[in-house]
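Colleague: I would like to learn how to read a model like this one. Please take me through it feature by feature.

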Amino acid sequence: MPEKSPILESLAEARPSSYADQVYGRILHDILNGIFQPGARLPTENELAERFGVSRPVVREALARLRVDGLVEARRGSGTYVLSRPSQDLPNLADLEDISRFLRYQELRFYVEGQAAALAAERRTEKQLAAIIEAHEAFAHEVGRGAFLPESDRCFHLAICEGTGNEFFAKALEGPEVSLTSFMNVSLALTRSGSQARARRVIAEHAEIVEAIRTKDAVWARVAMETHIINARRRMTDGTIDS
């Protein structure tokens, strides 16, 4: 089985999770273990608060995050229901209470990297384009031989940020509390544990971004990058995708 990311473990030590993240992780644990099956109604806020020993506002925040991540839905006058079950490998890759932070980081990436791809399509130099292509080909080669290295994926995304000509795009993604590498450990481990079709899809998503930047199509580049990040989120929250 895949091992937990040591980078994510050190991140968790440096940044203790909030109570809401802990409740999120506990509910996610129960979903993964079949205590709450897809389609099942979760206990009420009061019942969950008593179960986990926290206040109702903490439970409410955790449920709100689970809804944003597409794992549960609220039905007026009926309660909160489970929508999907994530990959069964998830608990082997990271502490479940860190998953909420991961997905919030993916939300940041959606907006930052979508714009970065669009600007790179408009502004990139031939040298910067060559660096993007080289990073993509290195990543594709490694995946082709069964290696899923976060550093290679990181180099690809940061090469696109470099193509904007604005150093703050890369800085927005790499800071004291977050980094591309730490979260890509989990994303790529899920890709590795899935089917070959999943790996091919990730490569195809990268290739589409590269082609959009090569042809200087800013709209296509933005959509391609945003689609890639949306799919990365889906691969984490829905264990049936390309499994």
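The talk below goes from the fold to the core, the spaces and the rings.

Modeller: Two ground rules. This is a predicted model, where local features need pLDDT of at least 70 and side-chain atom pairs count only at pLDDT 80 or more, while totals for chains, interfaces and linings use all residues. Residues are numbered from 1 along each chain as its sequence is written, and side-chain values use heavy atoms, with hydrogens and water left out.

Colleague: How many helices and strands does the chain have?

Modeller: Elements are DSSP runs, numbered from the N terminus: helices are H or I with at least four residues, strands are E with at least two. Here the chain has 12 helices and 2 strands. From the N terminus the order is α-α-α-α-β-β-α-α-α-α-α-α-α-α.

Colleague: What share of the residues is buried?

Modeller: Buried means under 20% relative accessible area, exposed over 50%, and partly exposed in between, with a 1.4 Å probe and protein chains only. Of the 243 residues in the chain, 50% are buried.

Colleague: Which residues touch the most other members of the largest nonpolar core?

Modeller: In soluble globular proteins, nonpolar side chains tend to be buried together. A nonpolar core is a set of buried Ala, Val, Leu, Ile, Met, Phe, Trp, Tyr and Cys residues joined through side-chain atoms within 4.5 Å. The largest one holds 41 residues, and Tyr-24, Ile-27, Leu-28, Leu-90, Ile-99 and Met-236 touch the most other members. Helices supplying at least two residues of this core include α2 (19–32), α3 (45–52) and α9 (167–173). Helix α6 gives the most, with 7 residues.

Colleague: What lines the largest cavity?

Modeller: On a 1 Å grid over the protein atoms alone, a cavity is a set of points where a 1.4 Å probe fits but cannot get out; a pocket is an open set with protein on both sides within 12 Å along at least five of seven lines; lining residues have an atom within 4 Å of a point. Points are joined across faces, edges and corners, and a volume is the space filled by probe spheres set on them. The search finds 1 cavity of 30 Å³ or more. About 90 Å³ lies in the largest cavity. Its lining includes Arg-109, Asp-153, His-157 and Arg-235. Helix α10 gives the most to that lining, with 4 residues.

Colleague: And the largest pocket? Which residues lie nearest its centre?

Modeller: The largest pocket has a volume of about 190 Å³. It is lined by 14 residues, with Glu-45, Leu-63, Ala-74, Gly-79 and Thr-80 nearest its centre. Helix α4 provides the largest share of this lining, 3 residues. Strands β1 (72–75) and β2 (79–82) each supply at least two residues.

Colleague: Which rings form an aromatic pair?

Modeller: A pair of aromatic rings is described by the distance of the centres and the angle of the planes. Rings of Phe, Tyr and Trp (its six-membered ring) pair if their centres lie within 6.5 Å; planes under 30 degrees apart are stacked, over 60 edge-to-face, the rest tilted. The count here is 1 aromatic pair. Phe-110 and Tyr-111 are edge-to-face, 5.0 Å centre to centre with 85° between the planes. Tyr-111 is exposed, at 56% relative accessible area.

Colleague: Which charge lies over the face of Tyr-81?

Modeller: A charge sits over a ring if NZ of Lys or CZ of Arg is within 6 Å of the ring centre and within 35 degrees of the ring normal. Arg-75 lies over Tyr-81, at 4.0 Å from the ring centre. Lys-171 lies over Phe-168, at 5.2 Å.
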